[in-house]
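Colleague: I have a new model on my screen. Can you show me how to read it?

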Amino acid sequence: MKTILLIEDNEAIRENTAEILELTGYTVETAENGKLGVEKALAKKPDLVICDIMMPVLDGYGVLHIFNKNPQLSGVPFIFLTAKTERNDLRKGMELGADDYLTKPFDESELLSAIEGRLNRFAHLKPDYDLVHEGLDQFMDDARRVGNLQSLSADRKVHPVRKKQYIYSEGDEATRLYFLKSGRVKAVRINTDGKELIMEIYTPGDFFGYLPLLDGRRYTESAITMEDSELHYIPMEDFQQLLLANQEVSQHFIQLLAGRVAEREEKLVGMAYNSLRRRVADTVLRLHNQQNGEIIQLSRDDLAAIVGTATESLIRTLSEFRQDGLIEVIAPAGIRVLQAEKLRRANW
């Protein structure tokens, strides 16, 4: 059941409106001024706020300003109530980020329609998108529409990048988010001995380069194309606008990105504590899943850089797996997993 916070200093309007909302099935919290309204919102976050503009103690503009500045309340749908004489001041409220307004006196249908419209505006956002097959366009279009972000990635031009080209280098300033439409990209770090460690391999449908945009640091790794690739560039300002403007859109987008962070953490723990045999098996299985069971096409040097071992050690371990009938080695640089479950359990 959705909770609505109604902030209105006129007692008759407040009680009548609350009664209508309760009869419709909403849980209603009421406050007679903006200060009390903010206190109630902090105690229990509402799903939507209906707020009068002209009130004692703290007016509606002040309430909305506090909501926008408070991470706990930012993004809550906000509807202003305004008298006809105040309509000239309404632009100020909309510029502050109000979602809608109702002019007093309003009838029951206007009130319920406005509430349903605000509460349902994110309902068509899907829990996940097929990012490989035009899913980026679908997500961006949905996010732009529901968030009223008219300029968000309006130009989603595809940028072709040739094989072995740097997209960005370690130490560069982060200016954009990247989306891989086709091809493969590796994220690498170079140690003091000049040895390359591949942190991740991005495949079609992956976003990358977003962590520095979130924490304000420079890139801590380099991104290099492994084959001819196609990329979308999403400017940092658009990315930040997407995340900050609407809580619901932000949550959906972060879900698309969070999986990579968890995968990286798991990999680093494995490199620290697992045997070489298990690290190789885990890497092969992860690539096998990424390729949907198809042949893994990766040079032995690159595969060794993912595992974090010498190429000779990798080749020796792959030979053991081949002799055990767990994989098939296909010249010149292919691997086919034959028995995934046995490989997962192989001699730890």
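Modeller: We will take the sheet, then one lysine, then the cores. Keep in mind that this is a predicted model.

Colleague: How do the strands of a sheet pair?

Modeller: Backbone hydrogen bonds link them, in a parallel or an antiparallel sense. Here, an open sheet of 4 strands runs in the order E6-E13-E8-E11, and the pairing is antiparallel.

Colleague: Which strands stand at the edges?

Modeller: Strand E6 (158–161) and strand E11 (207–208). Each has a single partner strand, so one side of each lacks a neighbour in the sheet.

Colleague: How many bridges join E6 and E13?

Modeller: The two strands pair over 4 bridges, with E13 covering residues 229–235. Take proline 160 as an example: its bridge partner in E13 is glutamate 230.

Colleague: Now the lysine. Is lysine 186 buried or exposed?

Modeller: Under 20% relative accessible area counts as buried. Lysine 186 has 11%, so it is buried. Its place is in strand E9 (residues 185–190).

Colleague: What does the side chain of lysine 186 join in a polar contact?

Modeller: The side chain of aspartate 302, at 3.1 Å. Further along the sequence, lysine 186 also touches other residues, including Glu196, Ile198, Ser222 and Met226.

Colleague: Which residues have the most contacts inside the largest nonpolar core?

Modeller: Val284, Leu298, Leu318 and Leu343, in a core of 25 residues. Among the elements that each supply at least two residues of this core are strand E10 (196–202) and helix H10 (276–290). A second, separate core has 21 residues, including Tyr168 and Val185.

Technical notes
Residues are numbered from 1 along each chain as its sequence is written. This is a predicted model: local features need pLDDT of at least 70, side-chain atom pairs count only at pLDDT 80 or more; totals for chains, interfaces and linings use all residues. Side-chain values use heavy atoms; hydrogens and water are left out. A nonpolar core is a set of buried Ala, Val, Leu, Ile, Met, Phe, Trp, Tyr and Cys residues joined through side-chain atoms within 4.5 Å. Buried means under 20% relative accessible area, exposed over 50%, partly exposed in between (1.4 Å probe, protein chains only). A polar contact is a pair of N or O atoms within 3.5 Å; within protein, one must be able to donate a hydrogen and the other to accept it, and residues adjacent in sequence count only if both atoms are side-chain atoms. Contact means heavy atoms within 4.5 Å. Two strands pair if DSSP finds at least two bridges between them. Lists of a residue's contacts leave out its neighbours within four places in sequence.
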